[in-house]
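Hello,

I am passing on a structure for you to look through, and my notes follow below it. Please keep it open while you read.

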Number of protein chains: 2
Amino acid sequence: MRQYGPLCVGIDPHPGLLADWSLPDSAAGVERFALTVVEAMAGQVALVKPQVALFERHGSAGMAALERTLAACTEAGLLTLADAKRGDIGSTMAAYADAWLRDDSPLAADAVTLSPYLGFGSLRPALELAASSGRGVFVLGLTSNPEGASVQHVGGAASVARRIVEATAVENEGSVLGSTGLVIGATVGPALRELGIDLEASHAPILAPGLGAQGATPADLRAVFGSVWDQLVPTSSRDILAHGPDVASLRAAAAGVQDSLRD
Amino acid sequence: MRQYGPLCVGIDPHPGLLADWSLPDSAAGVERFALTVVEAMAGQVALVKPQVALFERHGSAGMAALERTLAACTEAGLLTLADAKRGDIGSTMAAYADAWLRDDSPLAADAVTLSPYLGFGSLRPALELAASSGRGVFVLGLTSNPEGASVQHVGGAASVARRIVEATAVENEGSVLGSTGLVIGATVGPALRELGIDLEASHAPILAPGLGAQGATPADLRAVFGSVWDQLVPTSSRDILAHGPDVASLRAAAAGVQDSLRD
């Protein structure tokens with residue numbers, strides 16, 4: 001991250017992008033797409049984020065393509081964040097943790113996104129496995145989709161989103177930057193202040209999706225996350241991926257976004 | 001369901017149960033376990049619920065075992081509910097819907113569980129695909145794990161859980177029993193009343209995990225769900241699966257639970 005900056009590039013083989021890249025809407029097409037992004041981003045960014053749903057859409061063959069993508073990332077020196085948004089309880093949550101964070105799992109990534117509808121504490125098996133295997137998790141906190149408020153903003157001064165952020169702070173106590181991260185939408189606007197959410201105190205790496213196609217500009221990022229710029233992992237997907245399948249064009253698009261994020 | 005009653009039997013190939021059944025902790029072990037449950041439950045119950053995490057734990061090979069399990073269920077006349085707890089937004093949610101609810105997907109099930117941290121409305125692509133493909137979804141509402149309250153009970157008289165149940169009611173308007181179901185823990189005790197949640201008005205099939213090993217008795221189910229007994233899909237996993245790998249013993253265990261649920 002120090003060498004390349006914080007930008008995380010999504011690997012999102014959407015059906016529409018596959019068509020734009022003249023690839024079939026199949027597990028083979030998804031794999032070709034993903035390996036092209038890996039080739040383009042190797043030596044350009046530190047971190048890539050495969051969107052698991054777009055692999056899972058093709059069943060076990062799609063998941064096998066994801067396994068080979070993750071292996072290719074490791075080979076290419078890219079850190080991986082599996083955007084899986086998994087969440088369950090007890091031994092079932094432990095099984096998801098095993099899948100995404102255990103050293104010898106074929107789906108092992110450097111970090112995974114988790115969803116806390118069953119309570120932040122239900123994610124415990126993943127938090128522990130991440131800490132012990134030197135990996136990370138990013139827990140959904142405050143998202144910028146219009147429907148998110150109906151769950152995340154509930155509770156007034158003690159909103160659901162604020163509780164998640166505060167539980168994350170407890171988790172990261174004693175670290176400058178802990179292994180328990182948060183997902184905070186880049187387009188949440190004034191909601192952080194309105195809900196009294198203190199991201200700085202969380203000591204959490206903050207994954208901020210929404211740059212580019214979803215509407216957030218680098219200026220928006222500065223406005224929302226200026227005080228926690230050192231914790232920020234902005235992600236961009238479609239805006240960069242639209243420049244494929246040409247590897248040099250993908251790389252140039254990522255470089256452009258990186259430039260826009262520099263101090 | 002009419003012929004066999006509402007009991008849903010979990011297909012939960014936990015590492016501990018695999019060992020008890022003298023099966024390896026591998027994709028092959030998981031598949032052998034799952035196909036044994038299918039053989040035992042065919043002609044005994046209407047519905048089985050594979051726990052996706054326990055397949056995913058073995059990567060794409062585990063997901064291939066799940067695909068063959070789902071196919072075997074269809075062959076055996078068993079309805080399937082994939083317990084995946086997926087949830088995301090926009091075209092990513094549409095991809096999850098495609099994976100679990102689209103007719104020609106290798107992972108297609110008769111229903112899937114969904115997690116609404118990103119808002120009930122974020123699940124729209126799955127609600128629509130379920131309705132159009134004659135399948136169903138079960139949205140997490142109120143769970144009985146101790147950590148669940150920290151999200152689901154937030155909001156007082158307009159709690160998160162109540163909002164999910166009310167959104168489900170809107171979804172099912174005009175149906176006696178709609179295609180949008182709810183997951184409500186069998187051990188939630190007085191929380192339904194305390195939170196002012198009206199399950200009857202939801203017209204939702206209600207998946208109630210927790211019978212048996214998790215602590216709920218048939219009497220608890222009557223106490224919590226008496227007024228919505230006709231909507232209820234009680235599920236039992238470990239208590240029944242502990243009787244394997246003998247097929248006759250598994251079948252007898254399911255029959256015993258079915259008897260305990262009869263009027």
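Two strands are said to pair if DSSP finds at least two bridges between them, and the strands themselves (E, at least two residues), like the helices (H or I, at least four), are DSSP runs numbered from the N terminus. This is a predicted model, in which local features need pLDDT of at least 70 and side-chain atom pairs count only at pLDDT 80 or more, while totals for chains, interfaces and linings use all residues. Residues are numbered from 1 along each chain as its sequence is written, chains are lettered from A and ligands numbered from 1 in the order in which they are written, and side-chain values use heavy atoms, with hydrogens and water left out.

Strand 1 of chain A (residues 8–11) runs parallel to strand 2 (residues 47–50), to which four bridges join it, and A:Ile11 has A:Pro50 as its bridge partner there. Strand 1 also runs parallel to strand 8 (residues 232–236), with two bridges between them, and here A:Val9 stands opposite A:Ser236. In a regular strand the side chains alternate between the two faces of the sheet. In strand 1 both faces are covered, with A:Cys8 and A:Gly10 on one side and A:Val9 and A:Ile11 on the other all buried (under 20% relative accessible area, with a 1.4 Å probe and protein chains only).

Chain A is assigned domain 1 (1–86 + 237–262) and domain 2 (97–231), with bounds that come from an automatic or database domain assignment. Between them, 22 residues of domain 1 are in contact with 22 residues of domain 2, contact being heavy atoms within 4.5 Å.

Best wishes

How values were computed
Buried < 20%, exposed > 50% of the residue type's maximum accessible area, 1.4 Å probe, protein only.
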